[in-house]
Amino acid sequence: MPYFTLDASSLQHWLTDHADLAFRLGGDPSDWTIREVSDGNLNTVFLVDGPVGSLCCKQALPHVRVAPEWPMPLERALYEARYIRATAEAVRPAAPELYFYDDEMFLLVMECLTPHEVLRTALIRDEVQPGFSTTIGQYVARSVHATSWISQPFEHGSKLLADFAGNTALTRITVDLILTDPFRPCSRNPAPEAALLPDVEALHTDKPLHRAVGSLQDRFLTARQALLHGDLHTGSIMQHKDDVRVIDGEFATMGPIGFDCGLYLGNLALHACAAPNKRGLIEAEITAFWNSFTTELRTLLKTGGGDVWALSDEAQREELLENFLIGILQDTTGFCGLEMIRRTIGFAQVADYTLCTTPESRTEARRKALTIGRRLILEAANVATLENLLALMLLA
Ligand code: ADP
Ligand code: MG
Ligand code: MG
Ligand code: MG
């Protein structure tokens, strides 16, 4: 079927023509309820409920959903399907199951997470079950193990490089929106409130900072360590009680492992800037993430499988792994700083700042995120322990 943009009624017809999916819903099409829940920047998402089961249907639009004048290739849906397939077995059950991908409609049909809620929303409402970051740490470690040169023969990595090399439109978004635009005057950056203008202008002319950002641009584009999720913020995670799932892998690309870690921790750290009373929770979540990530990765990478470190015995692998983890922590620190800055003054800002009840406290929170973000980028190369990172975030 040639591509067209689905609405609730045409999706009902499309599902009727796919017997195995209709079977999962049960009953007759007239028994199904379809509601649109799109809340991301890019795509349309429908949840379909039937008498027996439910489905989540995500379709790419030929443009950015929240900016229709900004064209965007439909193929991002293909990369999301490939990402789910490349990682599903390793990360199960921490991602929704993909039931079907339609490569003409650029449509993913997957497990409907219900009654799950987006983590960012739950954090803002203060409705999270603490410890959720343990699952995210395991998730990142397991996806690294499934896709890195240390654990897999190089042919596997070469195939992943080829499979994701074409995802350039979304990588362009990352390069522009995270790694470049916040540090220069740019029409895509929303105008900041007047009180924050001097802080923003200072970032535009901060030469030492621009040099450090340059190193992170280089890391992002040239360090092909493992398959990244590429957009691992608190809006790409859904949770209900202790069931925590990662969604929205359309930005997938081979890249530095610390990029996924840094985006996640950056969103937690800026939540603590917006809600200073929750610093204890956030410190505990960042610690839980890093401990579970490193513990899981140490276990998974203890034994070989890849061509990297193939000559090393167990003792030497341990030593190499500890250095590898310090490198990841330093990348994490830098990308965390970038994420805090771009979510505060860049194109795609976050709702966490709505927790600030006065304009003054909001400006104060945003200034704090900018200050911490800048410090993280400048100090990344000196970080050797989680305590160093927490201290830079003023959380230790
Ligand atoms: P986008 O790429 O546009 O950001 P997302 O994949 O983040 O799209 O999905 C947008 C929203 O749809 C999510 O924030 C969530 O509310 C809902 N959603 C996405 N996937 C699922 C799912 N598998 N089950 C239930 N709801 C989902
Ligand atoms: Mg999203
Ligand atoms: Mg819900
Ligand atoms: Mg997305």
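A: What follows goes from the domains to the strands on either side of the join, and then to a helix and some backbone details.

The model is predicted, so that local features are reported only at pLDDT of at least 70 and side-chain atom pairs only at pLDDT 80 or more, while totals for chains, interfaces and linings use all residues. Residues are numbered from 1 along each chain as its sequence is written, and chains are lettered from A and ligands numbered from 1 in the order in which they are written.

The domain assignment, whose bounds come from an automatic or database source, divides the protein chain into domain 1 (8-111) and domain 2 (117-392). Their centres, taken over C-alpha atoms, are separated by 27 Å. To the contact, in which two residues count if their C-beta atoms, placed from the backbone, lie within 7 Å, domain 1 gives 19 residues and domain 2 gives 25 residues. On the side of domain 1 that touches domain 2 there are 12 nonpolar, three polar and four charged residues; here Ala, Val, Leu, Ile, Met, Phe, Trp, Tyr, Cys and Pro are nonpolar, Asp, Glu, Lys and Arg are charged, and the others, Gly among them, are polar.

The elements named below are DSSP runs numbered from the N terminus, with at least four residues (H or I) for a helix and at least two (E) for a strand, and two strands pair if DSSP finds at least two bridges between them. Strand E1 (residues 33-36) runs antiparallel to strand E2 (residues 44-49) and is joined to it by four bridges, with arginine 35 standing opposite leucine 47 in E2. E2 is in turn joined by six bridges to strand E3 (residues 54-59), again antiparallel, and these two strands form a hairpin with four residues between them; aspartate 49 has serine 54 in E3 as its bridge partner.

Most residues other than glycine have a negative phi, and most peptide bonds are trans.

E8 belongs to an open sheet of three strands with antiparallel pairing, in the order E8-E10-E11. Strand E8 (117-118) and strand E11 (243-246) stand at the edges with a single partner strand each, so one side of each is left without a neighbour in the sheet. Two bridges pair E8 with strand E10 (residues 237-240) in the antiparallel sense, and glutamate 117 has glutamine 239 in E10 as its bridge partner.

The loop between helix H4 (119-124) and H5 contains aspartate 126, whose phi is near 60°, a positive value in a residue other than glycine. A residue is buried if 20 or more other C-beta atoms, placed from the backbone, lie within 10 Å of its own, exposed if 12 or fewer, and partly exposed in between; aspartate 126, with 11 such atoms within 10 Å, is exposed. In helix H5, by contrast, 15 of the 16 residues are buried, so the helix is largely enclosed by the rest of the structure.
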